[in-house]
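Here are my notes for your first read-through. Keep the model open beside you and find each residue as it comes up.

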Amino acid sequence: MTTTGSTYQEPAPTPLALLLLGREADTASERGVDCPGDLPAASDPDLVARARAAKAALGDRVFILGHHYQRDEVIEFADVTGDSFKLARDAANKPEAEYIVFCGVHFMAESADILTSAAQQVILPDLAAGCSMADMATAEQVAECWDVLTDAGIADTVVPVAYMNSSADIKAFTGRNGGTICTSSNAKRALEWAFEQGEKVLFLPDQHLGRNTAVRELGFSPDDCVVYNPHKPGGGLTPEQLRAAKMILWRGHCSVHGRFSLDSVNEVRERVPGVTVLVHPECKHEVVEAADLVGSTEYIIRALDAAEPGSKWAVGTELNLVRRLAKAHPDKEVVFLDRTVCFCSTMNRIDLPHLVWTLESLVEGRVPNVITVDPETEKHAKAALDQMLALP
């Protein structure tokens with residue numbers, strides 16, 4: 001894609017990229033899970049007309065949320081775009097909408113259901129649109145971890161902090177145990193609050209956001225952090241290690257942001273002299289340390305909006321967003337931090353065919369793929385979310 005004033009170079013569809021479509025393995029990157037199947041091809045143009053007609057027929061009864069990582073053909077029909085928590089709050093502020101169609105992934109739709117009224121129904125166009133990071137911490141695993149902390153004699157001093165990218169069950173665990181939720185934008189404030197309540201933090205499920213925030217923003221040493229591996233007895237840690245730690249990090253990560261490496265940063269600096277490297281805090285610590293700027297998805301967007309014409313940027317986040325930023329800023333050179341394709345393949349399960357099917361089903365009086373959080377889970381998860389909203 002060539003734009004006036006700059007050239008956007010598409011990452012190469014090399015064999016290495018196939019691992020991001022659920023094929024083969026890459027021992028050098030942090031994958032965690034495989035995502036099945038190819039990304040769907042571009043949709044039939046006839047679907048655009050059908051989507052417009054169905055949305056018009058539904059009018060104010062439907063409110064469509066589009067996460068930043070969605071493909072352009074879906075974003076075109078979103079009433080609002082944003083990160084997961086912003087979208088959930090936007091839904092809660094739209095009480096007249098009967099149907100909230102969340103073009104994102106499962107944990108995001110759960111959060112929207114928790115924050116919206118009982119009269120509203122939250123719909124996920126494809127139930128297979130999950131999140132590998134959220135799936136890395138189950139309720140059973142976290143309960144077992146809490147037992148390990150209890151046996152080590154430290155549970156009473158530990159405050160759980162759960163990243164927004166977690167299931168409703170994990171948010172509920174956090175609420176039941178006096179903790180809070182955080183986003184990548186307010187993780188520092190959440191950790192500062194947690195350390196006012198207790199001596200230690202159990203941060204889950206993304207180890208990188210927890211480590212990067214503690215070390216870079218709170219001044220902790222990497223040695224203050226230990227990683228709890230739910231697949232090992234006792235988390236792979238001794239009671240002594242747990243007692244000495246300030247940050248107990250869950251062994252989870254984003255399979256997209258875990259793709260970026262120090263080599264990616266070094267290579268792009270050689271390839272694009274004068275480039276500013278901007279990455280998401282879900283990236284590994286060595287990548288974040290080597291970058292020029294680090295921030296949430298919203299921060300990344302604002303940074304590009306405010307950048308000087310002619311400036312050069314290498315962005316380490318999901319490829320759909322980087323493409324969109326490059327298109328929106330033809331006066332700047334915006335490149336993807338890695339040379340290979342790095343879609344969030346589960347997020348990309350929400351495509352135009354699924355959206356059209358959802359909207360046309362609603363027009364016909366059928367409500368598909370409703371996401372419902374049970375009342376007990378909702379109560380405790382909302383307590384944790386409310387605590388986040390109350391952060392100073």
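1. Start with Trp250. Its relative accessible area is 0%, so this residue counts as buried. Please keep in mind that the model is predicted.

2. Now look at Tyr228. This residue is buried too, at 1% relative accessible area. Buried means under 20%.

3. What kind of aromatic pair do Tyr228 and Trp250 form? They are stacked. The centres of the two rings are 5.3 Å apart, and the angle between the planes is 25 degrees. Tyr228 belongs to strand S10 (residues 225–228) and Trp250 to strand S11 (residues 247–250), so the pair ties together parts 22 residues apart in sequence.

4. How many aromatic pairs are there by this rule? The count is 4. Trp146 and Phe173 make an edge-to-face pair, because their planes stand at 80 degrees, with ring centres 5.4 Å apart. Planes over 60 degrees apart count as edge-to-face. Trp146 is in helix H6 (residues 139–151), while Phe173 is in helix H7 (residues 168–176). The pair links distant parts of the chain, 27 residues apart. Both Trp146 and Phe173 are buried.

5. Rings can also face a charge. The charged end of Lys246 sits over the ring of Phe220. The distance to the ring centre is 5.0 Å.

6. Turn to His380, in helix H16 (residues 375–389). Why does His380 count as buried? Its relative accessibility is 17%, and the cut-off for buried is under 20%. Setting aside neighbours within four places in sequence, His380 contacts Lys171, Ala172, Gly175 and Arg176.

7. Compare Thr81, in strand S4 (residues 80–82). Thr81 counts as partly exposed, because its relative accessibility is 32%. Residues up to four places away in sequence are not counted here: Thr81 touches Gly66, His68, Ile75, Lys86 and Leu87. Tyr69 is 12 residues from Thr81 along the chain, and their C-alpha atoms are separated by 9.7 Å.

8. Last, step back to the whole protein chain. It has 16 helices and 15 strands. Of its 392 residues, 59% count as buried. Take the contacts between residues at least 6 apart in sequence: 68% of them join residues at least 24 apart. The chain exposes about 15800 Å², and carbon and sulfur atoms supply 50% of that area.

How values were computed: Residues numbered from 1 in each chain as written. Predicted model: local features only at pLDDT ≥ 70, side-chain atom pairs only at ≥ 80, totals over all residues. Heavy atoms only, no water. Helix = DSSP H or I, 4+ residues; strand = E, 2+ residues; numbered from the N terminus. Buried < 20%, exposed > 50% of the residue type's maximum accessible area, 1.4 Å probe, protein only. Contact = heavy atoms within 4.5 Å. Areas by Shrake-Rupley, 256 points an atom, 1.4 Å probe, with all protein chains shown as cover. Phe/Tyr/Trp six-rings, centres within 6.5 Å; stacked < 30°, edge-to-face > 60°. Lys NZ or Arg CZ within 6 Å of the ring centre and 35° of its normal.
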